[in-house]
Amino acid sequence: AFPDRSPQRVIMTLPGIDTSGDGGLLGLALSPTFAEDGLLFAYVSTATDNRVVRFPIGGTPNPVFTGIPRGETGNGRALLFADDGTLLVGTGDTGRPRLAADPRSLAGKVLRIDVFGRPAGGNPVWSSGHRDVAALCTAGGDDAPVYAAGDLELNAVTRGSDHGWPDDGPRAEEPVVDFRTAEGGLGGCAVAGTTVFLGSRDGERVHVAALDAQGRLEEEPESVLDGQYGRLRTVVLDPQGGLWITTSNRDGAGDPADDDDKVLRIVPPTSEGGSPL
């Protein structure tokens, strides 16, 4: 996609991807040293697993981390490089919630690995109990929280945190925000200071959640672009403060217009109010 609205073009097609169910080319992240090595990291589905691969544009994908469980649904998709250069990987429970609680399974987890696929800290599992991690985001910095978004929840994840649904008793970690079903389908998140922006497919909007200094929700989230462009997925902030948003109307659940799907860029809401397009 190009900011001058010139036509999009395909720069490469990744081989060996299985798009059955909700599998496919599910996540992308630039190498922390992209300017020097030109590498992209991708979260992809094969016929037997989900995996992280890396490649230069036009090059051959090489496996980085393999063996993440594969299902018809709940395959995860999130990739995020932390400030220390480690890679956070959000997986899904493949429709089997027991796997998210199983410490021996890579399903329903946030994993933390290095660029070669080696576990960071001896164990790749960073957090557990997730249904389907669609996006990971952080404001950056040593003490900044990492957030995982997926389905109806935004969670703050830390090493060893458990976000599952026990049969009895309270949850180990309560979500930062828990949306109603009609407002859910979270597909993307971005952080500016203590404000989190969340792309919502089912809600067809961008949720704007203002948090306090402890990372707790200050008040009911607001929203922008409600119903204007259909299902919204990825949200990314650029260095100029613009919010880039992708629509997701050709995913089989939307009602696409002739010019879908789109990449949008808006000036996000601020404490002074307003969100001019």
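Start by selecting leucine 225, which sits in the loop between β17 (222–224) and β18 (232–237); helices (H or I, at least four residues) and strands (E, at least two) are DSSP runs, numbered from the N terminus. Its phi is near 65°, a positive value in a residue other than glycine. Leucine 225 counts as buried because its relative accessible area is 6%, where buried means under 20%, exposed over 50%, and partly exposed in between (1.4 Å probe, protein chains only).

Before moving on, please note that this is a predicted model, in which local features need pLDDT of at least 70, side-chain atom pairs count only at pLDDT 80 or more, and totals for chains, interfaces and linings use all residues. Residues are numbered from 1 along each chain as its sequence is written, and side-chain values use heavy atoms, with hydrogens and water left out.

Now go to threonine 94, in the loop between β6 and α2 (97–101). Here too phi is positive in a residue other than glycine, near 55°. Threonine 94 is buried, with 8% relative accessible area.

For another backbone feature, select aspartate 260 and aspartate 261: the peptide bond from the one to the other is cis, with omega near -5°. Aspartate 261 belongs to the loop between β19 (243–247) and β20 (263–266).

Which residues have the most contacts inside the largest nonpolar core? Select Val52, Leu79, Leu87 and Val89; the core they belong to has 16 residues. A nonpolar core is a set of buried Ala, Val, Leu, Ile, Met, Phe, Trp, Tyr and Cys residues joined through side-chain atoms within 4.5 Å. The largest share, three residues, comes from β4.

Zoom in on leucine 87, found in strand β6 and buried at 0% relative accessible area. Beyond its neighbours within four places in sequence, leucine 87 is in contact (heavy atoms within 4.5 Å) with residues including Phe41, Val52, Leu79 and Leu111. A second, separate core has 15 residues, including Tyr147, Ala149, Leu186 and Val196.

How many disulfides does the structure hold? There is one, a disulfide being a pair of cysteine sulfur atoms within 2.5 Å. Select cysteine 137 and cysteine 189 to see the link, with S to S at 2.3 Å. The link is left-handed, with -120° about the S-S bond. The pair links distant parts of the chain, 52 residues apart: cysteine 137 is in strand β9 (residues 135–138) and cysteine 189 in strand β14 (residues 186–192). Cysteine 137 is buried at 3% relative accessibility, and cysteine 189 is buried at 6%.

Finish on the surface by selecting Ile11, Leu30, Phe34 and Ile57, a nonpolar patch with about 370 Å² of accessible area together. Accessible areas come from the Shrake-Rupley method with a 1.4 Å probe, and for residues only the protein chains shown count as cover. Patches are made of residues with over 30% relative accessible area and no salt bridge, with like charges joined within 9 Å and nonpolar side chains (Val, Leu, Ile, Met, Phe, Trp, Tyr) within 5 Å; a salt bridge is a side-chain nitrogen of Lys or Arg within 4 Å of a carboxyl oxygen of Asp or Glu. Phenylalanine 34 lies in helix α1 (residues 34–37) and is partly exposed, at 31%.
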